[in-house]
Amino acid sequence: ATHLRRMRDLYAVRRQDFLDEAYRVGVGLFDVERPDSGMNALVWLPDGLDDRLVAEAALMAGVHSYPLTDYCVRPVARPALILGFAGVQHHQLGPGLGALASVIADRAGRAS
């Protein structure tokens, strides 16, 4: 029980740190769906982007993500990436989300 409490508290802090940084970095580029629990969040991309291509470009920039379309039977109304934050240390959030924002900005510029 002690271990579970400690892990729940740790992941709650990581979730909040991730959300704070994602909201700061993503302004005007992407929207973050605030998860109430869990270890992943959805990052909604600008319309017109292909989440698979963005995920590939993000991986090349050092950011691991999963395109939402890979997990959907029907087409999604808006492209999104699934980002895990449980294993990400606080000092990695800024650089990682900054790299993702750069990829999205670059892709959005190409889509316009």
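Modeller: I shall take helix α2, which covers residues 51-60. Its buried residues are Asp51, Val54, Ala55, Ala57 and Ala58, where buried means under 20% relative accessible area, exposed over 50% and partly exposed in between, for a 1.4 Å probe and protein chains only. Seen down the axis of α2, these residues fall within an arc of 165 degrees, so they line one face of the helix; the arc is taken over the directions from the helix axis to the C-beta atoms. On the other side of α2, Glu56 and Met60 are exposed. Helices (H or I, at least four residues) and strands (E, at least two) are DSSP runs, numbered from the N terminus.

The model is a predicted one, in which local features need pLDDT of at least 70 and side-chain atom pairs count only at pLDDT 80 or more, while totals for chains, interfaces and linings use all residues. Residues are numbered from 1 along each chain as its sequence is written, and side-chain values use heavy atoms, with hydrogens and water left out.

Both ends of the helix deserve attention. At the start of α2, aspartate 50 places a side-chain oxygen within 2.8 Å of the backbone nitrogen of arginine 52. Just after α2, glycine 62 adopts a positive phi of about 95 degrees. Histidine 64 is exposed, with a relative accessible area of 61%. From histidine 64 to valine 13 there are 51 residues in sequence and 21 Å in space, C-alpha to C-alpha.

In soluble globular proteins, nonpolar side chains tend to be buried together.

Helix α3 also takes part in the largest pocket. A pocket is an open set of points on a 1 Å grid over the protein atoms alone, where a 1.4 Å probe fits, with protein on both sides within 12 Å along at least five of seven lines; lining residues have an atom within 4 Å of a point. Thirteen residues line the largest pocket, and Val63, Val88, Gln92, Gly96 and Leu97 lie nearest its centre. The elements giving two or more residues to this lining are β4 (80-84) and α3 (90-111), and α3 gives the most, with five residues. By class, the lining has eight nonpolar, five polar and no charged residues. Here Ala, Val, Leu, Ile, Met, Phe, Trp, Tyr, Cys and Pro count as nonpolar, Asp, Glu, Lys and Arg as charged, and the others, Gly among them, as polar.

Glutamine 89 lies in the loop between β4 and α3, and at 36% relative accessibility it counts as partly exposed. Glutamine 89 is 75 residues from arginine 14 in sequence, yet the two are 7.7 Å apart in space, C-alpha to C-alpha. Leucine 10, in helix α1, is partly exposed at 30% relative accessible area. Leucine 10 and alanine 86 are separated by 76 residues in sequence and by 8.7 Å in space, C-alpha to C-alpha.

Technical notes. Polar contact = N/O pair within 3.5 Å; in protein donor to acceptor, adjacent residues only side chain to side chain.
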